[in-house]
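Trainee: Hi! Could you walk me through this one while I have it open?
Mentor: Happy to, let's look at it together.

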Amino acid sequence: MNLLPDMPAALTVVLFLFAAGVIGAVGVRMAKVADTLADRTGLGEAVVGGILLGMSTSLSGTVTSISAAAAGMPSLAVSNAIGGIAAQTVFLVIADMTYSKVNIEHAGADARHLLQTALLVLMLALPLVAVYLPDVTLWAIHPVSVVLFGVYWFGAHLSVRMSRQSTWQPQRTPDTRDDVADEDAGGESTGRLAGEFAVLAIILGGCGYLVAETGSDLSATFGISQTVVGALLTATVTSLPELVTTVAAVRAGALQLAIAGIVGGNTFDVLFLSLSDVFYRDGSIYGAIAPRDLLMIVVAIVMTAILMMGLIMRDRRSIGLEGFAILVVYAAMVALQIGMG
């Protein structure tokens, strides 16, 4: 339901940019709070980044996809979710460029990153399966939407278990950066930090709704397809928290937090499809996925597979071969989407 009144195009653009600015500003503080909570709780950067930070920075995108689905715009809902995954993977490469010492996939190596990327590939494949399955629903919800939640929960459980006891450890090199808790001399209490984190997450959700409504208005006003708006506009804007928190984490030396925040956020973003399916009342949202939306899913799988290869190979050089490959694949996807109109 659109709660915003009809507005001139110029005001719509202003509101869209305002929401983008707030999302970016909130992301800076979230990175610092998440890093502190990782040390305070003892869970470490990989778990807090992959689950808590990943979920929270994805709230604006969640609200965007849900709002679009409820308004009967399935392509915008799907492309926003998958486009966010593609954009956030690129953001990891951008963050890598800001770390001059070595490739962050090498320095921030952690077995849980491999687990999360494998989980992401699995979860991205399930919507493709749903497209070719019979369109069987219960209360207009496809069974795959429920399965996605189950797979995500199981993956989160495995990640937490690995933080306590893992039989896989990356080989140490002089460039490996361990996740060592910072010295915490007083400061805010853990409860206060958790409360602040929750407030920041709520702000992101509100901005996500504003992005969805103004984004759909821009699509209608300028005659741009929902897929292009979702994949290249709303997805990029609602992914700004991931960009800001990742760069901030890298600058602070919290490399595991940076990688886990992106991969964990991408994994949570797949659940946008499940939530969109719940709010899309014209049947299963997978049955409404257009061919160009399927292309987005395939591209996201390819980019994630390339990232996984980079995490395994641990190239020391700059952004590494995987970084260049990710940028090339993303640029090709953008060109194809624009070329398709």
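Trainee: Let's start with helix 4 and helix 10. At what angle do they pack?
Mentor: In this predicted model, helix 4 packs against helix 10 (residues 240–251) at about 25 degrees, and their axes are 9 Å apart. The two helices are therefore roughly parallel to each other.

Trainee: And is the crossing of helix 4 and helix 10 left-handed or right-handed?
Mentor: Helix 4 passes helix 10 in a right-handed crossing.

Trainee: Which residues meet there, in helix 4 and helix 10?
Mentor: From helix 4 you have Q88, F91, L92, I94 and A95, and they meet L240, E242, L243, T246, V247 and V250 of helix 10. By class, the residues of that contact divide into eight nonpolar, two polar and one charged.

Trainee: What is Q88 in contact with, beyond its neighbours within four places in sequence?
Mentor: Leaving those neighbours aside, Q88 is in contact with S239, E242, I262, G265, N266 and D269.

Trainee: OK, now helix 13. How does helix 4 cross helix 13?
Mentor: Helix 4 covers residues 74–97 and helix 13 covers residues 320–339; their axes come within 10 Å and cross at roughly 140 degrees. That pair is therefore oblique, and helix 4 passes helix 13 in a left-handed crossing.

Trainee: Who makes that contact between helix 4 and helix 13?
Mentor: On the helix 4 side, A86, A87, T89, V90, V93 and M97. On the helix 13 side, G323, I326, L327, Y330 and M333. Sorted by class, this contact has nine nonpolar, two polar and no charged residues.

Trainee: While we're on helix 13, what about I338: buried or exposed?
Mentor: I338 is in helix 13, and it counts as exposed because its relative accessibility is 53%.

Trainee: How far apart are the C-alpha atoms of I338 and S225?
Mentor: They are separated by 9.5 Å, with the two residues 113 apart along the chain.

Trainee: Changing topic: how many residues are in the largest nonpolar core?
Mentor: That core has 85 residues. The ones with the most contacts inside it are I82, M123, L124, L148, Y286 and Y330.

Trainee: One last thing, the loop between helix 6 and helix 7. Which residue there has a positive phi of about 55 degrees?
Mentor: That's W139, which has this phi although it is not a glycine. Its loop lies between helix 6 (111–132) and helix 7 (143–164). A140 is in that loop too, and it has a positive phi of about 65 degrees, again without being a glycine.

Trainee: Are W139 and A140 buried or exposed?
Mentor: W139 is exposed, with a relative accessible area of 69%, whereas A140 counts as buried at 15% relative accessibility.

Trainee: Great, thanks for the tour!

How values were computed:
Residues numbered from 1 in each chain as written. Predicted model: local features only at pLDDT ≥ 70, side-chain atom pairs only at ≥ 80, totals over all residues. Heavy atoms only, no water. Axes fitted to C-alpha atoms, helices over the stretch in contact; angles between N-to-C directions. Helix = DSSP H or I, 4+ residues; strand = E, 2+ residues; numbered from the N terminus. Parallel < 35°, antiparallel > 145°, perpendicular 65-115°, else oblique. Left-handed = near helix turned anticlockwise from the far one by under 90°. Contact = heavy atoms within 4.5 Å. Nonpolar A, V, L, I, M, F, W, Y, C, P; charged D, E, K, R; others polar. Core = buried A, V, L, I, M, F, W, Y, C linked by side-chain atoms within 4.5 Å. Buried < 20%, exposed > 50% of the residue type's maximum accessible area, 1.4 Å probe, protein only.
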